[in-house]
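Have the coordinates open as you read.

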Amino acid sequence: MALTVDLIRADVADALGEDPADIPVDENLVDYGLDSVRIMTLIERWRRDHGVEATFVDLAEQPAIEAWAPLLGVTS
Amino acid sequence: MTAVLEPAQPTALPSTGLPLTAAQSGMWFAQALDPASPAQNTAEYIEIHGPVDPAVFARSLRQVLGEADALRVRVVETPDGPRQLPLADPPPLPLTVEDLRSAGDPDAAARAWMRADLAVPFDLATGPLFAQALFRVGDERWLWYQRVHHLVMDGFGYSLLARRTAEVYTALAAGEDPGPGRFGRLTELVAEDTAYRASDAYAKDRAHWNEAFTDRPEVPSLAGRTALPSRTFHRRTEHIGTEVTDRIKELAAGIRASWPEVLIATQALYVSRATGAEEVVLGLPMMGRMGSAALRIPGMVMNVLPLRLTVTPGATFAELTRQVVLGIRAARRHQRYRYEDLRRDLGLLGEGRALVGPLVNVMPFDYGLTFAGARTDAHNLSAGPVEDLTVNIYDRADGTGLRIDYDGNPELYEESGLAVHQRRFLDLLGRIAAADPHTPLATHGIATAAERALVLDEFNNTAHDVPPTTLIGPIEAQAVRTPDATALVFGAESLTYAELNTRANRLARHLQSLGVRPGALAAVAVPRSLDLVVTLLAVLKAGGAYLPLDPDYPAERLAYMLDDAKPACVIADTRDRVPAGTEVPAVLLQEADLDGYLGTDPCRALTPQHPAYVIYTSGSTGRPKGVVVPHAAIDNRLRWMQHTYPIGPGDRVLQKTPSGFDVSVWEFFWALRVGATLVVAEPGGHKDPAYLARVIREQAVTTCHFVPSMLQVFLAEPAAAACATGLRRVFCSGEALPRDTVQEFGRRLPGVELHNLYGPTEAAVDVTYHPCDTSAAKDGPVPIGRPVWNTRLYVLDAAHQPCPPGVVGELFLAGVQLATEYLGRPDLTEDRFVPDPFAAPGARMYRTGDLARWSDKGEVEYLGRTDHQVKLRGLRIELGEIEAVLADCAEVTGACVLVREDRPGDQRLVGYVTGQADLDTEDLRGRLAESLPDYMVPGTVLVLDDFPLSPNGKLDRKALPAPSLSAGGGRAPRTLQEETLTRLFAEVLGLEQVGVDDAFFDLGGTSLLAARLVARVRDTLGGDLAIGSLFQAPTPAALAGRLGADEGAGTAPDEALGVLLPLRTTGDRTPLFALHPAGGMSWCYSGLLSRLGPDQPVYGVQARGLVDPDEQLPSTMEEMAADYADRIRSVQPHGPYRLIGWSVGGVLAHTVAVRLQEAGEDVDLLALLDAYPSDQWQDQAVPAEADALTALLRMAGYDRGDELTREEVLATLRREGSALAGLSDHTLTAIVDIVINNARLMRAHRHRVFDGDVLFFTAAAPRAEDWLTRESWRPYVSGLLDNLDIDCLHPQLTQSRPLDEITAVLTSRLKELDG
């Protein structure tokens, strides 16, 4: 199953312990508590469940959901 | 073999290099502090489980190193600061490849090699700043080792390098093209850093951190102190298994946190409980690359962010973890601001203060690399310098759990101590992982189960059966057994047991008629005398509890006690002792006719639970409180004491403690229960060391008690030594017993036992005991010891969980010795006597408010107070009580009282008030004395406009000013002895200057300081000076007169101006010769005397011409040195010689030393105090007379003002009261000539080589003559030039503080020489 922006947002919110509604798609997630451990956790999850191939560096370079979408194979 | 690899790509750095980034600068400065230190080395090795082709591996490395330009730099200092330059092209890239399979233990051999390599510092200026090695440790197992300077690489950088290396190797091994590297460039890092530092974000981040730390919080460390990073560190590695790791991860998920945050919260909890600090500041190393180009650059970027946490027992673990999550989130928004910058902003650097405590370094980067299919494990060897404690946490790639390293600074932690912290932390983590995170943190202690059993049960194994008796019963039984033995002695009077018993019985029967019975109180206002003891026994015999009313207390306080306690009667010797206006019936011993009463023991229905005495102690709310102690408690205490320190007929116990202080209780009653004799000291005698020494000797006292501060005074009394023959045991209690005092005791009273006891009034005098080792060998704090019979001690943390050994907590007491209550104060009683959670229901424990810790051996050490209660001279004082009385004065609007220790070891009470501008502080002190005992009246009361407040609005006690004591006017010292004494007065009193006619006690001298001064005078000038002399001769001038004319230091000025100045002629060590500085006089070396100790002879060597105007000044330095060498040999005909010299004196010392060596003598010490060889001076103009005059003024400690001529300079000296002003005009004139002559001779002098080492002391404060360098001695010294920087100017070297540092080094060098 391919990832969608909503799914990414839900997983990110889960990792941050926040409500998905409170996570904007265009803001720097570091300000919301995103750190390397959480990125690693997300990558592992997405690799396992969605076959994602992006690396830690790819995601950490631009820590925002909009920027991640193409890297994570979101097509729409 | 070591191969040299060629780089694959040309460097991208400009040949002029780049500046360092802020992150790199931090590392650069750290290295610059200790250039030879390997502490900035980071290292790891990767274990490859499979075949490796070394040639392919080398090619891979070459390629990766070629791609990583941030690695290929060296760092040089330039006028614009340090810059990183590209390594020469092609740079040497060292790789060691070794096959260790033939070694017995290949892995161990490899690790030994790595350890040795890790200890090699890089040379920043030459580079390369990395080293590589590849070891074959098995047929299919290899270790790849890398060491890199932290300035060019951080932990994340390592992971980039390793990943790319694996990628390239895998490709090359398969014969494929590894493809282009994707590393970013060093120029990008520098540009990003420069842009950040110019940005608004930088300013905002800076403001954020400065705001967050504006109060500069105290940072708790497990070591309790700070230190610079050492060159190495201790590491303890432990692992957490998968089961616990999984539970931690589940726990984290359940409370919306990550697993590292759970570990950080646990570490914070541990630090908080282990240090007793509610607020903890942890350091979090951050990779600092999120959202940055640095993510692709293997370089140094990481930062350490401080995380402030508040840990309270009532909060839950989930709440604490939430604080961590939110704290890190907030910190991350400002994560680019450097740790080093913040530390500097806050001014912590200069104070040597830390910004953070332990670091928690989470390394989440899963290597999981493969080299051509072979799997790997990464092993970190060093993550950089360790300032305090660094906890490295690795999530191991193979799913086997977590690895936890505890790295400790060896300056602060021993390896065993580090292991203990780590074990407790892991134990706590295990319990937290298994517990409900929503229960309060109070449910968790930091002690392991074994430690808990140790401190609660094993250390408290004190159960002992005692018969159910009372305080008085055993005394009556003893009177039957030995009626004719002497019970009491007071001066020339004495009473037998039968006489004492009979007299007490008659009075007891009278008291019974007045209502004194079990449960009732009787106040006793009788000064120390036979009657006092009779009266106390009588009250007890009547069944009552006695309430001592110390006649030295102010009437108002005694009246309050009577009113509060409502005793059945008050017994006094005379009417005037009974506070006026009281309604309590009085029994006056002088008037009472008791002959009609029977002399036999009276009947009474007394049980061990009835009160035996009530003693009032200071109360924090402004009212003293009465502590009610039952018979069972004090009976247990006395039975334990008799068992532990048995005494009997023939023993004599001294009663000298005032009855209002509970130590007096055992003094009064112990001897009388066991057939010994009680010797009662005169009223007031307890303060007079000479009297005490006399009474102990004359009355053959075998046992007595001292409060430690009084013991110091006693030991300083010359007559005290004579007590050693009869005295068997001395007990100390009442305040902390300093180790120095114990050692002094051992010296002064050899063979006498010294025991340290501890206990509050609330637990029947003492509850712990420790036999002191009085030998000089022992050091460290003196423990208060183990619990007495039927007593348990608990050291509890903020959550009332037991502290493991070594951890400081509050001391709680439990067992039979606890007091019943505070008289009539159920609220206070409930507050201090609380349920004992470690014993059967209904049991109580008393919270002492004392800080303490267990030793591993089960002894307790006392470490101070948790609150504002203080002890002065063993007397307990609640500052709040004094503040309340001050605040009651109408003109006072605010009051605060402190115990200050502005001079080490000298504690004094100081009051601070605000109020009307014309407040009369003497009047205030007078009014305090009306209601407070003497010892509670502050010696000084200062009036302030406002109280200083801390940023959070609380009174900032630390900012309250020290009371100023000034002195220094008056006549100048005329002799060296006077000069020495004024200096010693000033040192002991902590003053800048003292005049010869200033009286010691007027300047704030106390009896404790007097003891110290007398000891210093004795050490410096010799002679046997008693403390009493200081009372009779309280000024330096008077004391000098008393010391007499027979001292070597010379009492007439002329005697102190000869070539040989005998500063101290006695002592059995090899003499030290101190050569004069430019002015020709060596008085400045008198400060060496007390510091080097009484057995070190010291001679000054002074210029000719000071005494005799006709004496020719020498015409060459060699002539002068030859003369001095002769004079030195007249004292000590043959070597080894020891020479020291300051300034010109150093040049002379060197010259004399060379001459002595050329004459075949041994010179084993040559110490130069900021002296520079003649080469350095040759191009300088010879000083004119004006310069010599300036030098003369400097010698006297003044800067030159507008004095133009000799006459004006001499006038200034006389006016300012300098020691020099006591010299004749001739001598002063001679000094000017000598200064000029010395300057001329020095410029013409040619040094020869001294064969040996030189001890050098540099006055390191910046100076105008910045060209002076000790390195210029090198051609003239064959051995080492061993330097110590002293932070002062050249003229300040012989002042107190610099001299302390100099003599510390000198003393240890002299010790080494003497073997």
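Asn790(B) counts as buried because it has 21 C-beta neighbours inside 10 Å; the cut-offs are 20 or more other C-beta atoms within 10 Å for buried, 12 or fewer for exposed, and partly exposed in between, with C-beta atoms placed from the backbone. This is a predicted model, where local features need pLDDT of at least 70 and side-chain atom pairs count only at pLDDT 80 or more, while totals for chains, interfaces and linings use all residues. Residues are numbered from 1 along each chain as its sequence is written, and chains are lettered from A and ligands numbered from 1 in the order in which they are written.

Asn790(B) sits in the loop between strand E31 (786-787) and strand E32 (791-796) of chain B. Helices (H or I, at least four residues) and strands (E, at least two) are DSSP runs, numbered from the N terminus. Lys566(B) is in another loop, between helix H16 (555-565) and strand E21 (569-572) of chain B. With 14 C-beta neighbours inside 10 Å, Lys566(B) comes out as partly exposed.

Most residues other than glycine have a negative phi, and most peptide bonds are trans. Here are some exceptions:

| Site | Angle |
|---|---|
| Asn790(B) | phi near 55 degrees |
| Lys566(B) | phi near 45 degrees |
| Gly127(B) to Pro128(B), cis | omega near -10 degrees |
| Gly1135(B) to Pro1136(B), cis | omega near 5 degrees |

Pro128(B) belongs to the loop between helix H3 (106-118) and strand E7 (130-138) of chain B. Pro1136(B) is in the loop between H30 and E46 of chain B.

So what does H30 look like? Helix H30 (residues 1117-1131) of chain B has 15 residues and spans 21 Å from first C-alpha to last, close to the 21 Å expected at 1.5 Å a residue (1.5 Å times one less than the number of residues). Its buried residues are Met1117(B), Met1120(B), Ala1121(B), Tyr1124(B), Ala1125(B) and Ile1128(B). They cover an arc of only 135 degrees around the axis, so they end up on the same side of H30(B); the arc is that of the directions from the helix axis to the C-beta atoms. Turned away from that buried side, the face of H30(B) carries exposed Asp1126(B) and Ser1130(B).

What do the buried residues of H30(B) pack against? Their partners in chain B include strand E46 (1137-1142), helix H31 (1144-1158) and helix H34 (1225-1244), with contact meaning C-beta atoms, placed from the backbone, within 7 Å.

Conventions
Two residues are in contact if their C-beta atoms, placed from the backbone, lie within 7 Å.
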